[in-house]
Amino acid sequence: MHVEETYDIVIIGAGHAGCEAALAAARLGFETIMFTVSMDSVALMPCNPNIGGSSKGHLVREIDALGGEMGKNIDKTYIQSKMLNVSKGPAVHSLRAQADKVEYTKQMRLTLMKEPHLTLRQAEVTELLTEEVEGLAGNEGEIHRKVVGVKTFSGATYHAKAVVLCTGVYLKARCIYGDTIYETGPNGLMAATGLSASLEAAGVHLRRFKTGTPPRIDRKSVDFSKMAEQKGDEHIQPFSFTNKEEDIWREQISCWLTYTNEETHQVIKDNIDRSPLYSGVIHGTGPRYCPSIEDKIMKFPDKDRHQLFLEPEGEFTDEMYLDGMSSSMPEDVQYRMVHSVPGLENAKIVRPAYAIEYDCISATSLKPSLESKVVDGLFSAGQMNGSSGYEEAGAQGLIAGINAARLLAGKEPVVLSRADGYIGVLVDDLVTKETAEPYRMMTSRAEYRLLLRQDNADLRLTDIGHEVGLIDDARYELFCKKREIITSEIERLKSTFVGANKRLQEFLEEKGSMPIATRVSLADILKRPEMSYNDIVSLGKLADIVYGKGDETEEGSGSESGFGGDIEIPEALDRNEIVRQIEIQIKYEGYIDRQYAQVEHMRKLEEKKIPQDIDYFEVRNLRIEARQKLEKIRPESIGQASRISGVSPADISMLMLYLKK
């Protein structure tokens, strides 16, 4: 006799994708079970112990705006927080927080266990159960498959109407450094060896990717006097829109900066033949934008040094993460590499660096909803889709979990456009463009990045989160109040004027700002780079220089004119967040309006849907490459078709002409 149970949705894997998928599905009312090879691997951070960073911080705030958990969890467990790229414009500002990795796992597991409709189960899923159906997702009469459940290594069967693959790097995983090869997942946890064959039997094509991690160093053996201390920000900005600085403020722990040098590089060059990357032991494709240290040295020989960040793995451990020295070199070479670095001359390695190979899919086999084109009811998220990073995984997991639930509810899937968020860019890139290596999110991938700032993620996505059902009414009501305050205050600043009198000119001179020749709106004053909203508040208190609205020309007090100084904000809202929105929307108004015009042009292409039964070989004057790419990916709209590599504007014109006829 074997165990046999029935659930609505099965989640395979409990990493960052699995956690978001499971919570979304369960919170939407569906009985959900999440499988993990080990309960110790729930929300595990086997690589860098941080959340956020350039462009990744955008993803975390978008996850939060949609009702996900990652932002809330890092706010509970960070040990250092820093806003990156502050010397640049707001479009590329990105929040990054160093996590206490043990506490992060613990808090996420507690959150999962408290969810009423969610069951956690430690077991290896070895088989995907499917059955044939006719004309379900393909052409009428065509045999297709749909998912009906999973089976575990013990023989237990779990029936379900939807399954979400969130297997991370565990499928047929093997960890490698030098000649040492372990058939395991990260951190010595068991690999999932059985599921790959079952997926391929169901028609899911697999490929092999590789990632890696650096050595962990014993803090007691480090000479910090030879390194530069990297402190966190004095003022903390939360990841979650439900938190304010005072809610999460705590003492922070420093990170440290050091560099490789000529000796480090020579050690690597002298032993490059022993690297599994160059000896042929590793067959998987590694990430372009997070290469191993040996790749950096060999591909960029002109650089005489590379940055290394020594980062604490938690508050109650002496293990430190050597960010920037990911490697698969043999253990003895790793010691020589580490000991050549200033401050690490006597360092002890707690865990050696290693590369890890694993099975994954090409996400072009998925619909924009992240549902498989091959097996109905089968969704996929995270590194299984050929992406890298905790944040990319969490974002995909949230979308896959939402859409699995909506499939069962008979609702249309949630598909974010490239103008909606970085999540939309991420998913669209994965399902549209063939990625030859693990995909990493970057701000440069987003063509509308001035609209997709991390600071306005809630303004862009909370409506969707509420409509889906992951943002409750209380949070939504507070959000609507925030949006109303921002909108009305911007309008008030645009319609309130000041005249060119002596007191105003003196005020502007004190702020290092140019004088004005005629009356201008307060919004025009705020557009000046040197002026802040708080300056405008001070200006509004100079009662005899504030004009009324519109064409009124008489001078009067600030309160009589409609500008009464500072805005009134409910205690539950964050004034800093609101002020930041007012400043950015006014200062960058011209640029923002231009991007909205670009979005409108692209929206028209997205609205031109392509029938899913179209025969591209019947479309005249399409190049052979375009026919092959369009046939393989089968885009849902002209907009998506235009982003496929190998499909030219001329091909799009021919396709549109065919559809019009």
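Is Asp535 buried or exposed, and what is its relative accessible area?

Tutor: Asp535 is buried, with a relative accessible area of 10%. Buried means under 20% relative accessible area, exposed means over 50%, and partly exposed lies in between (1.4 Å probe, protein chains only).

Keep two ground rules in mind. This is a predicted model, where local features need pLDDT of at least 70 and side-chain atom pairs count only at pLDDT 80 or more, while totals for chains, interfaces and linings use all residues. Residues are numbered from 1 along each chain as its sequence is written, and side-chain values use heavy atoms, leaving out hydrogens and water.

Now the partner. Asp535 meets Lys511 in a salt bridge, 3.1 Å from N to O. A salt bridge is a side-chain nitrogen of Lys or Arg within 4 Å of a carboxyl oxygen of Asp or Glu. Asp535 sits in helix α17 (residues 533-540), and Lys511 in the loop between α15 (502-510) and β25 (520-521). They are 24 residues apart, and the pair links distant parts of the chain. Helices (H or I, at least four residues) and strands (E, at least two) are DSSP runs, numbered from the N terminus. Lys511 is partly exposed, at a relative accessible area of 34%. Elsewhere, salt bridges with shared partners join Arg418, Asp428, Asp429, Lys433, Glu447, Glu606 and Arg643 into one network.

The structure holds 49 salt bridges. One of them pairs Lys56 with Glu391, whose closest N and O atoms are 3.5 Å apart. Lys56 lies in helix α2 and Glu391 in helix α11 (residues 390-409), so the bridge ties together parts that are 335 residues apart in sequence. Both Lys56 and Glu391 are buried. Another bridge joins Lys494 to Glu589, with the closest N and O atoms 2.5 Å apart. Lys494 belongs to helix α14 (residues 473-495) and Glu589 to helix α20 (residues 589-607), so this pair ties together parts that are 95 residues apart. Lys494 is partly exposed, at 35% relative accessible area.

Go back to helix α2. Two packed helices are described by the angle between their axes and the distance between the axes. The axes of α2 (residues 56-66) and α13 (residues 457-468) come within 7 Å and cross at roughly 35°. Axes are lines fitted to C-alpha atoms, for helices over the stretch in contact, with angles from 0 to 180 degrees between N-to-C directions. On the α2 side, the contact is made by Arg61, Glu62, Ala65 and Leu66. On the α13 side, the residues are Ala457, Asp458, Arg460, Leu461, Thr462, Ile464 and Gly465. Contact means heavy atoms within 4.5 Å. The residues of this contact divide into five nonpolar, two polar and four charged.

What covers the buried residues of α12 includes α2, α11, α21 (624-633) and α22 (638-642). Helix α12 (residues 422-432) is mostly covered, with eleven of its eleven residues buried. Among them are Tyr422, Asp428 and Asp429.

Glu391 turns up again beside Asn50. Asn50 is in strand β4 (residues 50-52). Asn50 is buried, at 3% relative accessible area. Leaving out residues up to four places away in sequence, Asn50 touches Met45, Arg96, Ala97, Gln98, Ala99, Glu311, Tyr390 and Glu391.

Next, the cysteines. The whole structure has zero disulfides, a disulfide being a pair of cysteine sulfur atoms within 2.5 Å. The sulfur of Cys175 is 12 Å from the closest cysteine sulfur, in Cys47, which is too far for a bond. Cys175 is buried, at a relative accessible area of 5%. Cys360 is in no disulfide either, and the nearest cysteine sulfur, that of Cys166, is 14 Å away. Cys360 is buried too, at 0%.

Last, the backbone. Most residues other than glycine have a negative phi. Leu370 has a positive phi of about 75° although it is not a glycine. Leu370 is found in the loop between β21 (354-361) and β22 (375-376), and is buried at 0% relative accessible area. Arg634, also not a glycine, has a positive phi of about 50°. Arg634 is in the loop between α21 and α22. At 19% relative accessibility, Arg634 counts as buried.

Definitions and conventions. Nonpolar A, V, L, I, M, F, W, Y, C, P; charged D, E, K, R; others polar.
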